[in-house]
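Colleague: I am new to this model and would like to learn how to read its features one at a time. Please give me the general idea first and then the case at hand.

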Amino acid sequence: MAAMGVRAASRAGTDDEMTNHRLVFLGAPGTGKGTQARRLQDRRGLIALSSGDVLRQEVQLGTPVGVEADGCMKRGVLVPDSVILGVMFAAVDRLGSGAGFILDGFPRTVPQAEALEAGLAARKLPLDGVIDFCLSDDEIFRRIVDRRVCKKCGRTYNLSFVPPRQAGVCDDCRSELIQRPDDRRDVIATRLETYRALTAPLIAFYEKRGLLHEVDATAATEQVADVVIKVVEGLDGTK
Ligand code: AMP
């Protein structure tokens, strides 16, 4: 099984010249950040580190962090900053200092972003870029209710436009696909409100630092992935 929250890489990056960038993927739930993080991991060998996956694994293992996070996640509200900071820095430290990574779903508040900035500066591993995935609320809603996730490896599908080859079964590991409890209609509205109130201010936060790149997430997965690759290639010469 992959380490906590690290999506299993199906293929390491192939370009020896590529730079191990450190990125943040921002965006409301359902904008396709996780899918794009996985695509970029496959194409560039960066490690996709999903804060939601990290927490779901803690919940599954029944750790003290998992017990604390479980109620918040079910209600669609954020877990306390202190909890998420502890697990995400532990995950980053497990990667080793040479690794490039994509933080997917973290940070989600200004205090988290400030703590991340300070923590990465202390490790001499500053961020190279932040990609904000933009999508209308109607489309977000439609994508989330159709989302299905592999119980084992975390691969995400969409019943309308990224369906599995066999209904209910993961293409990669053949495990069962489930609907996340917080992807139900009643919880989505809370998650979107939380995003607007607490996470959207990070767009200005990273814009001020010259790190922000906006990507229209409306197009099909592969087209969005091509735009993401272009953004990353644009960062290649900057280190
Ligand atoms: P996600 O899979 O990214 O949609 O996250 C699922 C849930 O995990 C969220 O609704 C929050 O309850 C929790 N969560 C994930 N990332 C964070 C974070 N950076 N800060 C606080 N809570 C988080």
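Modeller: Let us begin with burial: a residue is called buried under 20% relative accessible area, exposed over 50%, and partly exposed in between, using a 1.4 Å probe and protein chains only. What you see is a predicted model, in which local features need pLDDT of at least 70 and side-chain atom pairs count only at pLDDT 80 or more, while totals for chains, interfaces and linings use all residues. Residues are numbered from 1 along each chain as its sequence is written, and side-chain values use heavy atoms, with hydrogens and water left out.

Colleague: Why does Phe205 count as buried?

Modeller: Phe205 counts as buried because its relative accessibility is 8%, and Tyr206 is likewise buried, with a relative accessible area of 2%.

Colleague: How many aromatic pairs does the structure hold?

Modeller: Rings of Phe, Tyr and Trp (its six-membered ring) pair if their centres lie within 6.5 Å, and the planes then decide the type: under 30 degrees apart is stacked, over 60 is edge-to-face, and the rest are tilted. The structure holds 2 such pairs. To place the pair along the chain we need helices (H or I, at least four residues) and strands (E, at least two), which are DSSP runs numbered from the N terminus. This pair links distant parts of the chain, since Phe25 is in strand E1 (residues 22–27) and Phe133 in strand E4 (residues 129–134), 108 residues apart. Both Phe25 and Phe133 are buried. Phe205 and Tyr206 also form an edge-to-face pair, at 5.0 Å centre to centre with 85° between the planes.

Colleague: Which residue lies over the face of Phe205?

Modeller: A charge sits over a ring if NZ of Lys or CZ of Arg is within 6 Å of the ring centre and within 35 degrees of the ring normal. Here Arg209 lies over the face of Phe205, at 3.7 Å from the ring centre.

Colleague: Which atoms of Ser51, Val77 and Arg108 lie by the ligand, and at what distances?

Modeller: An N or O atom in the side chain of Ser51 is 2.7 Å from a nitrogen atom of the ligand. For Val77 a backbone N or O atom lies 2.6 Å from an oxygen atom of the ligand, whereas for Arg108 an N or O atom in the side chain is 2.9 Å from an oxygen atom of the ligand. Taken alone, the ligand exposes 480 Å², and the protein buries 96% of that; accessible areas come from the Shrake-Rupley method with a 1.4 Å probe, and for residues only the protein chains shown count as cover.

Colleague: Where is Ser51 found, and why does it count as buried?

Modeller: Ser51 is found in helix H2, and Ser51 counts as buried because its relative accessibility is 2%. The C-alpha atoms of Ser51 and Asp104 are separated by 6.3 Å, although these residues are 53 apart along the chain.

Colleague: What does the side chain of Asn158 reach?

Modeller: A polar contact is a pair of N or O atoms within 3.5 Å; within protein, one must be able to donate a hydrogen and the other to accept it, and residues adjacent in sequence count only if both atoms are side-chain atoms. Asn158, which is in strand E6 (residues 156–158), reaches the backbone nitrogen of Phe161 with its side chain at 3.2 Å. Another polar contact joins the side chains of Glu139 and Arg142 at 3.0 Å; Glu139 has its place in helix H6 (residues 137–145).

Colleague: Which residues does a cis peptide bond join?

Modeller: The cis bond joins Phe106 and Pro107, with omega about 0°, and Pro107 is found in the loop between strand E3 (101–104) and helix H5 (110–122). As a further backbone feature, phi of Lys124 is near 55°, a positive value in a residue other than glycine. Lys124 lies in the loop between H5 and E4, and Lys124 counts as exposed because its relative accessibility is 70%.
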